[in-house]
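Trainee: I'd like to walk through this model with you. Can we take it piece by piece?

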Amino acid sequence: MLLWCDTLCCPVQSKEAQKMALMQMYRTYERASVVLVLDRGLISHREGRVSFIQACLRVATSRWMTRLWTLQEGALPAKKNKLWFQFTKTALPLWSLYNHLFEVSATDIQWRGIVSSIIARLNTFTHLFDIASIESQGAQLKDVLKGLLYRSVTVPSDEPLIIATLMALDLSRILACKPRKRMNVLWRMIATSPSGVDKDILFHTAPKLQRRGLRWAPRSLLFTNIFFARPVPGEPKNRAFLAKVGNTKGLVAELAGIRINMAKCANGLPKILAGFDSLPKYNNDRYRLLLKVRQGSWYHLKHGRDNTSDLLPDLEELYASISKLKNPWVLYRGTSSNTPEQGRAYDALLTEAKSEQQSQQDDLLCVNVKTQVVFGHLPSEMNQICQAAYVLAQELASSAAAQAVEELATTDTALDSPVYQEAFQSLDLEIERLSRSPTAVNVLTTSGNSADELGFKRLDDYITHMYRGIYIQVEEYAPGNRKWCVD
């Protein structure tokens with residue numbers, strides 16, 4: 001009888017022998033007659049003295065379930081029900097654990113919630129492979145990601161080895177490179193394969209690789225909870241492929257997009273009163289930017305949360321980044337329609353097109369990702385408020401008070417002079433008048449807000465926003481079947 005034990009059969013001293021053992025790992029575990037799990041916590045558990053359900057709990061919470069190397073040890077033999085767990089006096093097969101769990105779930109309602117959690121935990125490695133499929137020997141990336149949940153590895157460069165093994169990729173290519181470059185090679189192999197990679201990977205919030213052409217790829221897939229979304233009805237292809245377009249390398253994917261541009265403040269407005277920097281620190285809109293569509297619709301744009309912090313970032317850096325971009329685009333998963341859907345918030349990428357000229361082939365545009373954002377339609381009532389404030393701001397810009405400020409801007413008058421202060425006071429009074437006008441009262445009422453001091457103050461703030469140019473213009477739409485080369 002042939003016996004394999006990783007500790008004995010995977011050499012540490014001889015690198016060449018170690019490579020040979022690693023390259024045979026998929027075959028070793030898949031073709032084994034039986035794989036027996038020897039975990040210290042399980043071996044110390046006397047299965048006859050406590051309930052069977054506790055044995056299942058021991059497996060689900062064992063250290064064996066948290067190590068990345070053991071994922072393949074469980075997933076590969078589980079394909080053909082060859083996995084067993086050793087307890088103190090007996091060994092139990094995986095299928096018997098499942099049978100017992102299903103029986104308890106069907107007959108004992110008190111245990112149903114716990115049993116469901118145990119089954120879900122076991123499924124993270126037992127359901128990695130599509131047994132019915134004969135097209136591919138390895139697991140799909142979306143299933144591997146579920147298996148990686150709650151697992152860790154001592155040596156970070158081991159992660160790509162294990163993922164490549166589970167996906168039945170050519171492990172020799174990864175072993176041939178330096179350990180720090182293994183993740184680069186893994187992503188190239190996945191993204192150049194016939195099935196490519198799900199384009200949702202672009203919206204993964206974990207830190208990315210810094211290698212040119214791979215700056216869309218996560219450095220690690222551990223400690224994250226990314227799951228690929230189901231295709232949106234009407235959405236084009238959800239697969240993306242690594243390619244080289246001219247001198248640019250990146251992930252080619254079909255995505256929807258909007259081209260944006262910074263709005264301009266009213267003529268003659270001093271810099272201290274213009275743009276996003278003029279907002280007070282306590283203002284709520286320091287955490288989102290307003291986007292105006294020419295037809296009168298409004299969106300909001302804000303930072304996407306990352307996986308390492310629950311804090312909502314301030315937008316000063318985002319605002320400054322957008323203002324420096326020559327050709328900014330916001331890319332997101334959308335349909336073939338030219339406009340985003342109502343009532344949806346989109347995970348999106350703030351990007352900059354590398355050139356005004358587009359590739360003649362497939363109308364392909366190359367972009368560099370700057371940061372991750374979230375955008376979507378404003379609620380109906382907020383849309384009404386913003387549009388009314390925009391119209392009233394245009395009226396403000398043509399008022400005598402605004403004209404006086406504009407004329408002073410052509411002189412050398414100091415901002416702290418009595419003349420300027422009087423002009424600013426007149427401007428504030430005009431804003432106050434407009435925020436209480438019949439138009440203002442009507443929009444507050446129809447949008448479900450109260451036409452009182454609180455409502456007037458809210459509209460006052462938004463009129464000031466529009467007058468100072470604290471919003472972004474949407475210049476162009478790209479439908480969901482537009483091709484982009486993203487890096």
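Mentor: We'll go from the overall picture to a helix pair and then to the strands. Keep in mind that this is a predicted model.

Trainee: Fine. How many helices and strands does the protein have?

Mentor: The secondary structure comes to 18 helices and 14 strands.

Trainee: And what share of the residues counts as buried?

Mentor: Of the 487 residues, 50% count as buried. There's also a figure for contacts with a separation of 6 or more: residues 24 or more positions apart account for 71% of them.

Trainee: Now the helix pair. At what angle do α5 and α8 cross?

Mentor: Roughly 40 degrees. Helix α5 covers residues 52–60, helix α8 covers residues 112–126, and their axes come within 10 Å.

Trainee: What do we call that arrangement of α5 and α8?

Mentor: The two helices are oblique to each other. Angles under 35 degrees would count as roughly parallel, and 65 to 115 as roughly perpendicular.

Trainee: Is the crossing of α5 and α8 left-handed or right-handed?

Mentor: Left-handed.

Trainee: Which residues meet there, in α5 and in α8?

Mentor: From α5, I53, C56, L57, V59 and A60. From α8, I114, V115, I118, R121 and L122. By class, this contact has nine nonpolar residues, no polar ones and one charged one.

Trainee: Let's switch to strands. What is the strand order in the open sheet of three?

Mentor: The order is β1-β2-β3, and the pairing is mixed.

Trainee: Which strands stand at the edges?

Mentor: β1 (35–37) and β3 (91–93). Each has a single partner strand, so one side of each is left without a neighbour in the sheet. From one strand to the next, the twist averages 30 degrees.

Trainee: In which sense do β2 and β3 pair?

Mentor: Antiparallel, over three bridges, with β2 spanning residues 83–86. There, Q86 stands opposite A91 in β3.

Trainee: Which helix lies across β2 and β3?

Mentor: Helix α7, residues 94–107. Helix α7 runs at about 70 degrees to β3.

Technical notes. Residues are numbered from 1 along each chain as its sequence is written. This is a predicted model: local features need pLDDT of at least 70, side-chain atom pairs count only at pLDDT 80 or more; totals for chains, interfaces and linings use all residues. Side-chain values use heavy atoms; hydrogens and water are left out. Axes are lines fitted to C-alpha atoms, for helices over the stretch in contact, and angles run from 0 to 180 degrees between N-to-C directions. Helices (H or I, at least four residues) and strands (E, at least two) are DSSP runs, numbered from the N terminus. Angles under 35 degrees count as roughly parallel, over 145 as roughly antiparallel, 65 to 115 as roughly perpendicular and the rest as oblique. A crossing is left-handed if the near helix is turned anticlockwise from the far one by less than a right angle, and right-handed if clockwise. Contact means heavy atoms within 4.5 Å. Ala, Val, Leu, Ile, Met, Phe, Trp, Tyr, Cys and Pro count as nonpolar, Asp, Glu, Lys and Arg as charged, and the others, Gly among them, as polar. Two strands pair if DSSP finds at least two bridges between them. Buried means under 20% relative accessible area, exposed over 50%, partly exposed in between (1.4 Å probe, protein chains only).
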